[in-house]
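Thanks, everyone. Let's talk about how the chains in this model meet. Have a look at the picture first.

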Amino acid sequence: MPADTIAKTNPGRFFEDYAVGDVLAHAVPRTVSGGERALYHALYPARHALYSSDEFARACGLPASPLDDLAAFHVVFGKTVPDVSLNAVANLGYGEGRWRVPVYPGDTLRSVSEVIGVKQNSNGKTGVVWVRTRGMNQRDEVVMDYVRWVMVRKRDTDAAAPDPVVPELAKAVEPASLAIPQGLDFTGYDFALAGEPHRWGDYAIGEQIDHVDGVTVEEAEHMMATRLWQNTAKVHFDVGARPDGTRLIYGGHVISMARALSFNGLANAQMVAGLNAGAHANPCLSGDTIHAWSEVLDKAPTAAPGVGAIRLRLVATKGHAPFDLRGEDGKYRSHVLLDLDYWALMPL
Amino acid sequence: MPADTIAKTNPGRFFEDYAVGDVLAHAVPRTVSGGERALYHALYPARHALYSSDEFARACGLPASPLDDLAAFHVVFGKTVPDVSLNAVANLGYGEGRWRVPVYPGDTLRSVSEVIGVKQNSNGKTGVVWVRTRGMNQRDEVVMDYVRWVMVRKRDTDAAAPDPVVPELAKAVEPASLAIPQGLDFTGYDFALAGEPHRWGDYAIGEQIDHVDGVTVEEAEHMMATRLWQNTAKVHFDVGARPDGTRLIYGGHVISMARALSFNGLANAQMVAGLNAGAHANPCLSGDTIHAWSEVLDKAPTAAPGVGAIRLRLVATKGHAPFDLRGEDGKYRSHVLLDLDYWALMPL
Amino acid sequence: MPADTIAKTNPGRFFEDYAVGDVLAHAVPRTVSGGERALYHALYPARHALYSSDEFARACGLPASPLDDLAAFHVVFGKTVPDVSLNAVANLGYGEGRWRVPVYPGDTLRSVSEVIGVKQNSNGKTGVVWVRTRGMNQRDEVVMDYVRWVMVRKRDTDAAAPDPVVPELAKAVEPASLAIPQGLDFTGYDFALAGEPHRWGDYAIGEQIDHVDGVTVEEAEHMMATRLWQNTAKVHFDVGARPDGTRLIYGGHVISMARALSFNGLANAQMVAGLNAGAHANPCLSGDTIHAWSEVLDKAPTAAPGVGAIRLRLVATKGHAPFDLRGEDGKYRSHVLLDLDYWALMPL
């Protein structure tokens, strides 16, 4: 076909299209409603009470039950795909993520990213791009922000390499800097309604929890989820997009599935407050059965009444394989899908 | 793995964990919205006008279109699974069910069950537990209640058998005791908008209706439905949970599918008011094509203007096999999935 | 089974049941909510900003973000199926469609059709029926209307043929007669938020756009979509309904998928205002990968500030096959699924 026939479509950005300091105002703002919440419950075995019941959320000092924090993340993230990762070879990592303001039905979200790092790879064909993305609501409040870095193809392998800028990122979000939703108060927390008796003080650093349950995933489910967040990456939808004809499952689908499975043992780790790090260790495909386990990495008090912070490693695996993360070579085992490091808020 | 790693997860209750009089306050309250209603319409061919249109419901004296009665049932039921049927071998039956107050978008539901019977089986390995479950809204009104009995594994086969208590259950809910939603009035009922001309008086006791249509079911659909009701039973989701690698479809999915199919011939059996009995005769699996037929078992007047009660047997089958319920041995034929006995409210 | 057992079910109408001038008031009115909108985004890669964001819609002069125009079409269309196309052999065409009033969450839709043409086919076994369908909201405003013609089986091949009446339909909706939503104003249109810089003036008549992306479709998805619109045609749901055991995908699913894919290159063709013609050229089945391309057929000004009308051919194909519509014999190529001719509203 003649070249001009694709002139109006978005070819995505290539490595040489990013420069440190560039600001990318992502398109397609999105208003969420109870519909997104219901779909989140249909797509994931999500049972955290604060995100299930307006009454429970009110008893915790919030005006209503917010949209799941990860659903908010997916909406913010989805908007960045056409500008950041359409030509990405790999999604390399996340860091410095903070959930700042809960998202409620009726809110409208949009996303803006700033390029904070670029570094060409030694092969000359690709480079790594770091962006800091902020999601904002209709009152221009930042609902969350995080750093992501991706490996992106060069358009022209002969193009000169930019001066490398590698941002220094915190290994983990300082617990003192976590944003606690205004009014959050766990002093009257109802453990029976929440589903488990274990409070912040019952978890020890180093403790590992096998979440036991597994979910076998289907093409229709991950595609509906990924579309819901308006994530347009071809590899999730088109059997012609990858050489082996499989549809790669959006990494965020695995994150949400694992987080929902972690209810069984961490039912009171209600709110996700910080994203310290994350790696999609191996691809997930339709037919895989996702299991999850967690490890307590750290604990910290917060200024909010009755609220403690807990730092958790959340690992998703293909099949039931708890606590078996890396091989002797230090690499992720082939059954590991996700290794996520986050802060959650729990009742003391 | 060390035993303490599963200390915080829910292993479910075993037969010896139930005693008559125990009250189980189930976890994870749930606020419903238009999202749950839309998903109900996406998952089932539901067409009853009272649950489809706010305007139609208002013309029938209700403030708005309620959530489908079976969706309300599923939400109430789903909460009981972690406490009642996580280790269940079989879901044996239902009875004495009454829908008391319609559920509207914005309502928050929770469930409480009381153990009303226990009886160890002669094999010493399992026992039957009867519970009466009440679903309540945010005003502590009982929206529905019903009895369910399940066969549950013993944790320790050497544990002593409890004194057997077998509750006496009504064969059917007395029609005079059915709860009619406040304000319900079918005197101005619009049969054309509802889709069929057949009124209460047009149905004869003993009449059988073949609902004709069939729906082939998919894994993604039944899992989304079952998750939507926060039903966590492993057998529905994990190909590793059953020896043959199949995922058993939640019996409630078959109930909703059959009820929706029954629109064709029973479009005016608008509201489900009573659950007399129910048996999941054979397992349903992805790929099965569900058909349904009904039989009029009884009829009764009600105190509400223009409203009659009709008692229906609703049978779901695998493939089109109307009116063929039991073999010569008195057992359900292998194509029978569901035999449900319920009261519905119809315009006179 | 005895014939009277199906007496209460709807056998659908046959050719001889239609006479010019008949008015069919279709059943099952439907209230839509944010749930339908969320499901639309989960089922299709829909990204047009006006249908995604209340804030964006308000900036364009509307009170909020409407339900996608095609979702409104599907709701209106679905109601007609039991009365128009239950015994249809083929859905032959559409024409003279106008979207007149946007549909918002909370609106209740119903449909009425008038028979405007009948013509028996020469084989004596089937005939063509033309109906003009109007969808109305709870204020009795016509939200859209369109003509559809279908080939319907005769019940009795010996029945006499009616006098043929073939309505004269406009080849295309006159642009001056397009209904512009009250208040629509694109003078402050935010192209960055909408996702593409191309305005009405940037498109040339004859220009072709390859929308590049593809989506592989699944059984669960098309059945959920089709049920959501309460379309009851058996061929979409029951593997026993067609000789080869496949489930035919509802043509409207292909329309919505293609329209959503057309965002990539036509992100600013925000509102669908007119339906000039449409043909489902070949059947679509689960596993097919849908791609889309467009051709600019015409352009016209409108009376609304900053708003231009653009007439587009939207073609959906199985696999990536842009611009290859018909063979030398003038017939659609076998990879062509849909050939749709519509008017959209764009910022000048």
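Start with charge. Four salt bridges cross the interface of chain B and chain A. Keep in mind that this is a predicted model. One of the bridges joins the side chains of E207(A) and K8(B), at 2.5 Å, N to O. Polar contacts come next. Between chain B and chain A, 19 residue pairs are in polar contact, both residues at pLDDT 80 or more.

Which elements of chain B supply at least two residues each to the side that touches chain A? They are β2 (30–31), α1 (34–43), β4 (108–120) and α5 (219–228). The largest share, six residues, comes from α5(B). By class, that side of chain B holds 14 nonpolar, 11 polar and nine charged residues.

Now the extent of this interface. 34 residues of chain B contact 48 residues of chain A. Together the two chains bury about 3100 Å². Of that area, 59% lies on carbon and sulfur atoms. Three residues stand out: K8(B), M224(B) and R227(B). They supply 23% of the area that chain B buries against chain A, more than any other three residues. And K8(B) is the residue that bridges to E207(A).

On to chain A and chain C. Here 34 residues of chain A contact 49 residues of chain C. The buried area is about 3200 Å², with 59% of it on carbon and sulfur atoms. K8(A), M224(A) and R227(A) give 24% of what chain A buries against chain C, more than any other three residues.

How many salt bridges cross this interface of chain A and chain C? Four. Among them, K8(A) meets E207(C) through their side chains, 2.5 Å from N to O. The polar contact count between chain A and chain C is 19 residue pairs, again with both at pLDDT 80 or more. On the side of chain A that touches chain C, β2 (30–31), α1 (34–43), β4 (108–120) and α5 (219–228) give two or more residues each. There α5(A) gives the largest share, six residues.

Why do we say the copies meet through different surfaces? Because only 12% of the interface residues of chain B are also interface residues in chain A.

Conventions
Residues numbered from 1 in each chain as written. Chains lettered and ligands numbered in written order. Predicted model: local features only at pLDDT ≥ 70, side-chain atom pairs only at ≥ 80, totals over all residues. Heavy atoms only, no water. Contact = heavy atoms within 4.5 Å. Buried area = accessible area lost by both parts, 1.4 Å probe. Polar contact = N/O pair within 3.5 Å; in protein donor to acceptor, adjacent residues only side chain to side chain. Helix = DSSP H or I, 4+ residues; strand = E, 2+ residues; numbered from the N terminus. Nonpolar A, V, L, I, M, F, W, Y, C, P; charged D, E, K, R; others polar.
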